[in-house]
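Hi everyone, thanks for coming along. I'd like to walk you through a model today, so let me put it up on the screen.

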Amino acid sequence: MSATGAADPGASAAPPGPVNPGGAKRRLTSSLLVLVPLALAILFPLVESGNQGNMSIAVFALIFMASVSAWNIFSGYSGYLALGHAVFFGTGAYTIALIGTDWHVPAGWALMALVPVCGVVAGLVAIPVGMVALRTRRHTFVVVTIGVFFIFQTLATNLAFTGGTSGVQVPFVSWSFSVFNQRFYYVALVIVVATVALSWAVRRSRFGLQLMAIRDDEERARGMGVRTARVKLAAFVLSAIPVGMAGGLWAYFLGSVYPTSAFDPLFDIALALMGFFGGIGTISGPLIGALLLESLQQYFTQKFSANGLYLIVYGSLFLVVILLMPRGIVPSGAQWLRSWRAQRAEGSSNPTAGAGVAEVTR
Amino acid sequence: MSFDGLIEAIIDGVLTGGVYALMAAGLSLIFGVMDIINIAQGAMVVLAAYLSYVLSVHLGIDLFVGLLITAPAMFALGVLLEWGFMRRLREGDRTAMSILVTYAFAIIIEGVLTKIFSTDYRELSAPYLNDSIHMLNFYLPVIYLLGFAMAAILLGGLYLLFFRTKFGRGLRASLQNRTAADLIGINVNRTRMLAIGIGVAVTACGGMVYGATVAFNPNSGYDLISRLLAIVILGGMGSIGGAMVSAVALLVLADVVAIAWSPVWSILVFYAAILLVLSLRPNGLFGARAVRAQ
């Protein structure tokens, strides 16, 4: 995993040095890259408000964009492949369902206000899970996260207060059909924006640098004075919180929670698939990966219902991604763009551009 | 819990342990000699059970005779996995990536089986499946005895093949130092391909006995893989004897928990084993390093 996110567009967007004639133009480009998708996302429900099928696909896509972005804060930056984040998704889902029914929270915005609580509960669960799992490294860590996941699924199935296999019904919200999807859409969008902001802040911070130092060489990072255990645990907990919120919103949106749907092994692998597809370790990669793949999957489910076909498509797509572009579409695309620019610059004999390419594609 | 009940649970655990050892052997070997974690092992067991089902229901072939067809078919699947995917992964993070690739394999297998057979539960049938031998106060089902015997023979054979032949030495050499193995004339790619093929072929036998003892559907692989991982981790990845011992130990413990407490909690024995062993001794009880030094 170490080299996967080594060359990414985020780090190369602002090369250091006082002489940078393209700086203002670049700043404009990068702020446009943030603002235009955001504006499109805000306007989307106004255009599509008549089509409830597409609106519901969009809500699912946003839930996964938040989840994969959050997963990336830990797995992408630290290089530790976590395959058990469904634990936090399911924890969030059960939190909103159980608090909602046991405390008779009125459905509507009051129940929606519980979504951040789902994040907090997921974060609290992540502390002991992380403390156990992070004692191990590399592939052993992957296996432990899978094991922890199955423990939670078993607990959700068999503990008395979870309702067992018959699940829990989330209080039904009596919003009219026309605004139902729209409201969930905007709440999901807020979670996505907050998660991306968190991811960006981590990336730019000393904490993020420490995480990436661990990814590149953990022993060396430790030798340089990084408190690896603490940093890894902090990132693990931080990445669990938005996943828990996404899980809470997801349960509220669907209206019911079952052990096998809230703690779904496919969710674990979906995060990794979407992350790898878009490009792990980057900020935009997880968003693009989740947007494309989750929309595709929801479309499939609506069109062909849930027979084995989407499992086959899903698994095959994953194999293709890992084999052909293990770095994901965002880093691969960025590299392609840079080499294209370099070729053009070579034509007008500009040596600095060539040097820049050599540096960033290292 | 009565004393007879306890003894029965222990006997049952030992016999089922043999079946699980057979299912886990491929997983353990493939990891031990190649550093590949095959998450698809559970799905492959289920696939093998379905292959046996098709042969016996549609062609009327006996379950044990059918292994002559299913084992080569599973061998081919293992070869495909190695040739198509494993050898294309980067050296540095091959193990972690192998988890993702085989996970995708498992999903595809589940999808194909769901498409063909739906999610209804199936069972294998043969005239001798309900027979049992009466010994002292206990009934020993014949299929478990046959499965246990097959496990002992196959695992013994695998041990000899991997640790006492030139092929096995070449295989382990190619893992320790690929370049050196190349230099002394070992065909590394072919050796690894054969090894994965053999590991998956053995799974065909495990899948048949599994299908003959419990009802299964395409999702059964998930439940299986967590148990198989626990067995392999406790036994030490790569150790065949360790897989046998830990399979029997865990299954006995699970059966005792099932009668003393409740069957729904017996699965927790496996998860607890994974967590305990990996957080205390990351290489398992008999770690892979020790095995390779043999």
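The mean pLDDT of chain A is 80, and 88% of its residues reach 70 or more. Where pLDDT is low, the predicted coordinates should not be read in detail. Please look at those two stretches with that in mind.

Now for what chain A is built from. There are 17 helices and two strands in chain A. Of the 362 residues in chain A, 48% are buried. If you take the contacts in chain A between residues at least 6 apart in sequence, 79% join residues at least 24 apart.

On to chain B. Here we have twelve helices and two strands. Reading along the sequence, the pattern is α-α-α-α-β-β-α-α-α-α-α-α-α-α. In chain B, 52% of the 294 residues count as buried. Among its contacts between residues at least 6 apart in sequence, 79% join residues at least 24 apart.

What about the overall dimensions of chain B? Along its principal axes, the C-alpha trace spans about 60 × 45 × 30 Å. A compact globule of 294 residues would have a radius of gyration near 19 Å, and chain B has 19 Å, so the two agree.

Next, the place where the chains meet. How many residues does the contact take from each chain? It takes 32 residues from chain A and 35 residues from chain B. On the chain A side, the elements giving two or more residues are α7 (138–158), α13 (265–278) and α15 (309–324). The largest share of that side, eleven residues, comes from α7(A). By residue type, the chain A side divides into 19 nonpolar, eleven polar and two charged.

Let's stay with α7(A), and look at how it packs within its own chain. Two packed helices are described by the angle between their axes and the distance between the axes. For helix α4 (residues 86–102) of chain A and α7(A), the axes come within 9 Å and cross at roughly 25°. Angles under 35 degrees count as roughly parallel, and α4(A) and α7(A) are therefore roughly parallel to each other. Which residues meet there? From α4(A) we have A86(A), V87(A), G90(A) and Y94(A), and from α7(A) we have V148(A), F149(A), F152(A) and A156(A). The residues of this contact divide into seven nonpolar, one polar and no charged.

I196(B) is found in helix α8 (residues 188–213) of chain B. Is I196(B) buried or exposed? It has 26 other C-beta atoms within 10 Å, and 20 or more count as buried, so I196(B) is buried. Leaving out residues up to four places away in sequence, I196(B) touches I30(B), G78(B), V79(B), L81(B) and E82(B). For T16(B), which is 180 residues from I196(B) along the chain, the two C-alpha atoms are separated by 25 Å.

Conventions. Residues numbered from 1 in each chain as written. Chains lettered and ligands numbered in written order. Predicted model: local features only at pLDDT ≥ 70, side-chain atom pairs only at ≥ 80, totals over all residues. Helix = DSSP H or I, 4+ residues; strand = E, 2+ residues; numbered from the N terminus. Buried ≥ 20, exposed ≤ 12 C-beta atoms within 10 Å, placed from the backbone. Contact = placed C-beta atoms within 7 Å. Nonpolar A, V, L, I, M, F, W, Y, C, P; charged D, E, K, R; others polar. Axes fitted to C-alpha atoms, helices over the stretch in contact; angles between N-to-C directions. Parallel < 35°, antiparallel > 145°, perpendicular 65-115°, else oblique. Rg over C-alpha atoms; globule rule 2.2 N^0.38 Å. pLDDT = per-residue confidence, 0-100.
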